[in-house]
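Thank you all for making time this morning.

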Amino acid sequence: MWQYFLKRVFWSIVTIFVIIIVNFVLIKLVPGDPVHAMIGDFPAPQDYIDQLRRDFGLDQPLHVQLWLYLGNLAQGNFGFSFANRQPVLDLILGRTVNTLILILPAIVFSAIIGIALSLAAASRGGGFDITVSAITLFGYSIPVFWLGQVLVLIFAIVLGVLPTSGMYSLRAPQSGFGAFLDLLRHMVLPLACIMAFKIAVFSRTARASILGVLNSDFVMTARAKGLSRGYTLWRHVLPNAVIPVIAVFGYQFGHALTSSLLVETVFAWPGVGQLFVTAVGQRDFPVLQGILLLSTILVVVANVLADLLYTIVDPRIRRSLGARHA
Amino acid sequence: MTSPQAKPLVEISDLHLSYTMQRATIQASRGASLTIAPGEAVGLVGESGSGKSTLARALLGLNDPKSTRIDSGSIFVDGTDVTRFGERDWRVLRGSSLSMVFQDPLSFLNPVMRIDRQIVEAIPKSMRAEGVSERVDDLLRLVKLPQAARRSYPHELSGGMRQRVLLAMALASKPKLLVADEPTTALDVTTQAEIMDLLGELRQRLGMAMLLISHDLGLVSKACERIYVMYAGRTVEWGPGSSILKTPAHPYTKGLFDSARALRLPNGLFATIGGDVPNLAHKIEGCPFRMRCPLAMPKCTTMSPATQVLGQDGHWVRCWAAQDSGIAPAQGNDVKNA
């Protein structure tokens with residue numbers, strides 16, 4: 001089994017490496033010159049432009065630039081942000097933490113709520129099931145940026161109970177429990193935005209999976225034993241039904257990173273998504289590359305973790321791995 | 001042991017049951033009758049699609065209550081009519097008097113739960129006082145499973161061991177009746193014999209009744225005192241196993257025997273029953289077997305055969321052609337080739 005994971009980690013590293021190269025090439029294909037973006041419309045002497053190009057290594061051929069980039073990455077040097085005049089890594093790490101503060105709870109709570117909803121729908125059936133399906137369809141199809149603005153309009157502007165944007169209030173305590181409460185208040189609306197879609201995804205996946213498991217033969221065995229429906233759902237249906245939901249987990253993590261672009265823009269959340277949008281506008285290529293690389297690593301790690309979770313939940317997978325690699 | 005006077009444990013009379021599947025209504029039982037005395041071993045034989053499993057599941061209320069309806073007839077278990085039972089009533093009965101083992105032991109076990117947990121669940125609350133772990137030990141010993149199997153998952157066991165696990169679960173409540181729905185069909189021949197021996201031994205030891213469902217007449221006739229033959233949702237012939245074996249009266253039963261013995265016809269082909277089981281979604285006039293019956297006569301198309309007794313030992317048949325009860329097993333049985 002450990003051999004399986006070593007193998008899995010090895011291929012993850014290969015994946016990350018390939019994506020680094022693809023990202024590098026893609027960004028070089030983007031029209032627009034970073035030096036021009038940096039200088040702006042101000043007429044600069046050609047000498048100055050050439051010197052900037054040399055300083056940033058932009059005068060080298062593409063493969064040399066790639067080689068330099070890889071060499072720098074190996075030393076933990078993600079480059080230097082033209083626009084922010086700050087090392088990329090410092091810039092991204094802080095922002096990534098802010099994004100994860102939003103995304104991780106969103107995914108975990110969405111999974112729990114989504115599975116619970118579909119379990120309740122499966123056990124009640126009828127009208128409740130239809131209501132849940134309707135609500136999830138709504139959450140599935142509603143655009144996140146529109147939902148965000150409507151939520152701000154209702155809760156921040158009309159009712160005035162929650163802040164419109166940002167992560168902290170200036171007048172709130174800087175540390176301790178007060179600061180935590182302040183953060184929570186700022187988190188509510190962006191979290192709701194991300195979760196509206198995520199709950200829908202998880203509950204739809206879980207619902208399909210639960211309905212499948214309900215038709216399994218071992219559920220009839222449970223009935224034949226005289227077990228109650230509630231117990232059967234909880235002990236027999238749920239543990240089997242979550243297995244396919246775990247597969248969605250890793251994928252949904254990547255999707256949440258993407259949706260953070262929109263959500264963080266709407267709510268001015270100082271996360272990596274907002275930084276990405278700004279960096280695109282500024283043609284701040286090292287920052288873009290850095291964010292893409294970091295997201296790649298996060299998504300790959302999330303998928304490896306999902307695989308690990310698989311083997312914990314499903315003894316059949318554990319056994320087949322043990323047999324093959326023992 | 002099986003005096004006809006004893007109050008039956010199970011009495012199904014003229015049961016008509018239908019279920020809906022993709023908007024079609026399947027009449028799976030069309031006049032099935034069956035009685036089981038306490039401690040008696042009864043066999044139920046028929047082809048796939050003859051309604052045996054539906055009948056067995058109806059006996060435990062395991063058919064999906066949303067799509068299944070009992071149209072007429074009655075099922076008495078221990079003197080109580082269960083045809084109007086709700087899920088709650090059934091649960092009590094299943095956890096105590098009635099148990100069932102199924103055909104494919106792998107799919108009927110929860111793949112992500114250890115064996116001991118699955119057995120523990122089947123032990124009724126009232127029997128947990130003596131210690132759950134000891135009870136699991138007893139059950140494992142009863143079905144001859146090693147203690148090491150306790151902590152296993154179903155996929156780690158062999159087919160025979162899995163069937164023993166199902167059996168241990170079924171016996172956990174000390175049932176009065178064990179319904180075994182093709183318990184050996186998914187197993188290889190040697191394991192099949194082991195499980196059948198075990199079933200027979202346990203039945204003797206625990207004094208419980210058994211309803212053994214199978215398409216294999218030979219297997220059933222060895223294990224059971226009385227046999228019911230089912231065709232197209234109705235019981236067409238029943239009686240003591242020996243009597244049915246010696247003098248099968250219904251042409252369908254004879255066909256089953258010839259197929260089971262892999263009888264070679266003069267032209268070198270195996271004996272089979274030509275044609276197929278009728279589609280139970282359709283209404284059938286007269287005798288449902290007449291399309292495949294070598295003895296069919298005009299009367300069979302219009303009138304459903306009456307039930308008639310043959311001899312003194314409780315051998316019954318529903319067939320116009322068997323009226324004279326003088327048909328010898330091999331005569332008049334020119335089996336068609338499929």
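Let me begin with B:Glu47 and B:Arg292, whose side chains meet in a salt bridge at 3.1 Å, N to O; by salt bridge I mean a side-chain nitrogen of Lys or Arg within 4 Å of a carboxyl oxygen of Asp or Glu. B:Glu47 sits in the loop between strand S3 (41–45) and helix H1 (52–60) of chain B, and B:Arg292 in the loop between helix H9 (251–260) and helix H10 (298–302) of chain B, so this pair ties together parts that are 245 residues apart in sequence. Helices (H or I, at least four residues) and strands (E, at least two) are DSSP runs, numbered from the N terminus. B:Arg292 is buried, at a relative accessible area of 6%, where buried means under 20%, exposed over 50% and partly exposed in between, with a 1.4 Å probe and protein chains only.

Before going further, a word on the source: this is a predicted model, in which local features need pLDDT of at least 70 and side-chain atom pairs count only at pLDDT 80 or more, while totals for chains, interfaces and linings use all residues. Residues are numbered from 1 along each chain as its sequence is written, chains are lettered from A and ligands numbered from 1 in the order in which they are written, and side-chain values use heavy atoms, with hydrogens and water left out.

Turning to the next pair, B:Lys176 and B:Asp78 form a salt bridge at 2.5 Å, N to O. Here B:Lys176 lies in the loop between helix H5 (159–171) and strand S7 (177–181) of chain B, and B:Asp78 in the loop between strand S4 (68–77) and strand S5 (80–81), 98 residues apart. B:Lys176 is partly exposed at 41% relative accessibility, and B:Asp78 is partly exposed at 31%.

Then there is B:Glu201, which forms a salt bridge with B:Lys144, their closest N and O atoms being 2.8 Å apart. B:Glu201 belongs to helix H6 (residues 189–206) of chain B, whereas B:Lys144 is in the loop between helix H4 (132–142) and H5, 57 residues away.

How many salt bridges does a search of the whole structure find over all chains? The number is 19, and among the linked residues are A:Arg223, B:Glu87 and B:Arg94, which are joined in a network of salt bridges.

As for the setting of these pairs, chain B has 10 helices and 12 strands, and buried residues make up 54% of its 338 residues.
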